[in-house]
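This report concerns a protein model and the arrangement of its chains, charges and backbone. Please keep the sequence and the coordinates at hand while reading.

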Protein chains: 2
Amino acid sequence: MISEKMKPLVQNNSAIRIMFEEGKRLASIYGAENVYDFSLGNPNVPAPEAVNQAIIDILNEEASTFVHGYMSNAGYEDVRETIAASLNERFGTSFHMENIIMTVGAASGLNIILKTLLDPGDQVMTFAPYFLEYGNYVRNYDGELVVVSPNRETFQPNLKEFEEKIGPKTKAVIINSPNNPTGVVYSEETLVQISRILTAKSEEIGHPIVLLSDEPYRELAYDGVFVPYVTKYYKNTVICYSYSKSLSLPGERIGYLVIPDELEDAKAVTAAAVIANRVIGCVNAPSLMQRVIKRCIHEKVNLDAYDRNRNLLYHSLREYGFSCIKPEGAFYLFLKSPQEDEKEFCEICKKHNVLVVPGSSFACSGYVRISYCVSYEQIQRSLPAFKKIAEECGLI
Amino acid sequence: MISEKMKPLVQNNSAIRIMFEEGKRLASIYGAENVYDFSLGNPNVPAPEAVNQAIIDILNEEASTFVHGYMSNAGYEDVRETIAASLNERFGTSFHMENIIMTVGAASGLNIILKTLLDPGDQVMTFAPYFLEYGNYVRNYDGELVVVSPNRETFQPNLKEFEEKIGPKTKAVIINSPNNPTGVVYSEETLVQISRILTAKSEEIGHPIVLLSDEPYRELAYDGVFVPYVTKYYKNTVICYSYSKSLSLPGERIGYLVIPDELEDAKAVTAAAVIANRVIGCVNAPSLMQRVIKRCIHEKVNLDAYDRNRNLLYHSLREYGFSCIKPEGAFYLFLKSPQEDEKEFCEICKKHNVLVVPGSSFACSGYVRISYCVSYEQIQRSLPAFKKIAEECGLI
């Protein structure tokens, strides 16, 4: 019954999601407090209180048929205007309403822009380790994902290999900083170099290469690290933003695309993206949540909670002999596996009721991803288990 | 910059949406009260009060990280269980949680099931007049939409032509009852005949043909007309439901798929559909609205308001000499155009600030769609304009 294209997806169902279901199963056996599930990027820090207050205010102050009704497929104009103004204020850009398209999260934003841009056989590049769904998104439009191998020293992108792999079929590049799964933030120098390479290569191959910046973790950056705003470095950039993490609303599916005026054929691309939003079946981003964004444009989640988790986990794991680079952003820690095959290491972890995701799920074997968007207490409770795992792996 | 597949979509942008933008433009010139916009299916009847109360109760009673968080891609289990139980109670079915997948509205539900089922070149059939987006949804997966010509007498499906057009490439059929744009409800006899044809043809061509029932208007039926539940007539049925109209929440993008156990390969189809939901970028249906559905499972919009509109509009237009069949469901009236070219008629209407959608936007020329999901007062105010239009067309 099912299509040939779907068959491999069913066979290789997302390891992360399988782990999520596994976590629920283990919790039902051992009790939730005795299972240390670090597998999913489901924020533990609640949405700012202002979010729920905004919802209540909206329901009291705005008409039901407006709040829950259709609007232009690109989203409410006042919401888009508010987002543009906020970006301009924060990053010195000069966006306006027409540059913003509200989307059903960043995943949908990526699908919309890929549908807009890709012809069959077009190549989209990305840097390992990366969120494996990118491959599925690209294949939705019969494109091919070309992966640049990881730089295991710094987890900054491997720019030499990147430059070499760009060819006439390259249509777009997806970057993700702060990065899932490494927590690394791309430096300004990295963006300057990516821009230089893309500008030269676009010239060489005779068409623009579009840089897609997937930014669900933009606001989750620690120790004052600078997260450059990508449109300022390369004109053919499209931003795919989500409030899933910045406002802890992952289930609500709310985000936006930024298509700057500077992008080649910006008007046509914007018109096509609005239609793509409709045609892939989203129609528009959820209406009430759009209204919430307008009222909560200055809100932030409690970053200190993640930061405290980050420090406890990082320092404890280092103390037990594990190695990893300290994450600067997002809420992931990318741990080097003591076993050569990190899937074996994941099985050892699971024996101790610790759930982590193998790096091969991000095209980077030899590592595991630990999501620390969990309670501080879960991390505290899990430390003896991590210590036992370290002992079992001969690190202590 | 934009893909070859998107180019025709940009050129033929939805006439309905263009009209929506046109309505906003005219309203800004003449004042909203002097523009009679009957072009869009944006419910004018507000959501039941219980919806906003449910939202407030949820925010007070359920944890923020739960209400706004990720859940299984298929949706919250308790929500799906509640929907299954409600369907069983109302229609005597025997669904359970696993048969229900929460979706970003019915448009997304259709995309999910089409992505699940279609290989390139597969044919999907539908009956004119039909919602033209079906063609875009099918082409998203490189399928071909095969349209059965309209029966202009009754607007029940033309079953003889349907039977003749089914061939080895036929994979699915989309039906929509109560129907957009005609307001017609498919009779039990129609469903029995469709089932008979599909059963015989599936046997003949050697694979099951799946009946996709697009049901955003299921609850909008008048005069006690019976709207048969399609899974009871044909086992290879998938229901694509939306709360857009039944709870007046079109902007919120909330609906579900029903994949019955009786469907061939039901388990594999369900697993693939859940993955398709994720991979097309929706990830899951908006979380807060899922929680709302659980609490508002017995709620209904005020159907009397639509019914009153229906009667006023139908009787007035008949009085002015127009012809149309009386709609039994949805909130559309499909008016026979007095001019042979209904687009000319639309232009005459527009001169009188009346916006209606040409039937060619539903593959049925010679008619126009009038959406009566507007205020009773708008219909009252528009009647002199309709009368003048009738005079200009020589009907009076």
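The model is predicted: local features need pLDDT of at least 70, side-chain atom pairs count only at pLDDT 80 or more, and totals for chains, interfaces and linings use all residues. Residues are numbered from 1 along each chain as its sequence is written, chains are lettered from A and ligands numbered from 1 in the order in which they are written, and side-chain values use heavy atoms, with hydrogens and water left out.

## Symmetry of the chains

Two copies of a chain are related by a rotation about an axis and a shift along it. Here, chain B is superposed on chain A by a rotation of 180° with 0.0 Å of shift along the axis, at an RMSD of 0.0 Å. This is the relation of a two-fold axis. Within chain B, B:Ile56 has the C-alpha nearest the axis, at 3.3 Å from it. The superposition is by least squares on the C-alpha atoms of residues with pLDDT of at least 70 in both copies.

## Salt bridges

Side chains of opposite charge can pair when their charged atoms come close. A salt bridge is counted when a side-chain nitrogen of Lys or Arg is within 4 Å of a carboxyl oxygen of Asp or Glu. Over all chains, the structure holds 40 salt bridges. The table lists examples.

| Salt bridge | N to O distance |
|---|---|
| A:Glu22 and A:Arg25 | 3.1 Å |
| A:Lys351 and A:Glu392 | 2.7 Å |
| B:Arg295 and B:Glu62 | 2.9 Å |

In what follows, helices (H or I, at least four residues) and strands (E, at least two) are DSSP runs, numbered from the N terminus.

A:Glu22 and A:Arg25 both belong to helix 2 (residues 15–30) of chain A, where they are three residues apart, about one turn of the helix. A:Glu22 is buried at 16% relative accessibility, whereas A:Arg25 is partly exposed at 42%.

A:Lys351 is exposed, with a relative accessible area of 60%, and A:Glu392 is partly exposed at 40%.

In chain B, the side chains of B:Arg295 and B:Glu62 meet in a salt bridge. B:Arg295 is in helix 11 (residues 287–295) and B:Glu62 in the loop between helix 3 (49–61) and helix 4 (64–67), so the pair ties together parts that are 233 residues apart in sequence. B:Arg295 is partly exposed at 35%, while B:Glu62 is buried at 16%. In chain A, salt bridges that share partners join A:Glu61, A:Glu62, A:Asp78, A:Arg291, A:Lys294 and A:Arg295 into one network.

## A negative surface patch

A:Glu81, A:Glu98, A:Asp261 and A:Glu262 gather in a patch of negative charge on the surface. Such patches are made of residues with over 30% relative accessible area and no salt bridge, like charges being joined within 9 Å. Of these residues, A:Glu98 is found in the loop between helix 5 (77–91) and strand 2 (100–103) of chain A, and A:Glu98 is partly exposed at 42%.

B:Pro48 and B:Cys296 are 248 residues apart in sequence, with their C-alpha atoms 8.9 Å apart in space. B:Pro48 sits in the loop between strand 1 (36–37) and helix 3 of chain B and is buried, with a relative accessible area of 10%.

In chain A, 37 residues of sequence and 9.8 Å from C-alpha to C-alpha separate A:Ala200 and A:Glu163. A:Ala200 is placed in helix 9 (residues 188–205) of chain A and is partly exposed at 42%.

## Backbone geometry

Most residues other than glycine have a negative phi, and most peptide bonds are trans. The following cases depart from this pattern.

A cis peptide bond joins A:Ser177 and A:Pro178, with omega about -10°; A:Pro178 is in the loop between strand 5 (170–175) and helix 9 of chain A. The bond from B:Asn180 to B:Pro181 is also cis, with omega near 20°, and B:Pro181 lies in the loop between strand 5 (170–175) and helix 9 (188–205) of chain B.

B:Asp142 has a positive phi of about 60° although it is not a glycine. B:Asp142 lies in the loop between helix 7 (133–140) and strand 4 (144–148) of chain B and is partly exposed at 30%. For B:Ser248, phi is positive and near 55°. B:Ser248 lies in the loop between strand 7 (237–242) and strand 8 (255–258) of chain B and is buried, with a relative accessible area of 4%.

How values were computed: Patches are made of residues with over 30% relative accessible area and no salt bridge: like charges are joined within 9 Å, nonpolar side chains (Val, Leu, Ile, Met, Phe, Trp, Tyr) within 5 Å. Accessible areas come from the Shrake-Rupley method with a 1.4 Å probe; for residues, only the protein chains shown count as cover. Lys and Arg count as positive and Asp and Glu as negative; His and the chain ends are not counted. The place of a charge is taken as NZ of Lys, CZ of Arg, CG of Asp or CD of Glu. Buried means under 20% relative accessible area, exposed over 50%, partly exposed in between (1.4 Å probe, protein chains only).
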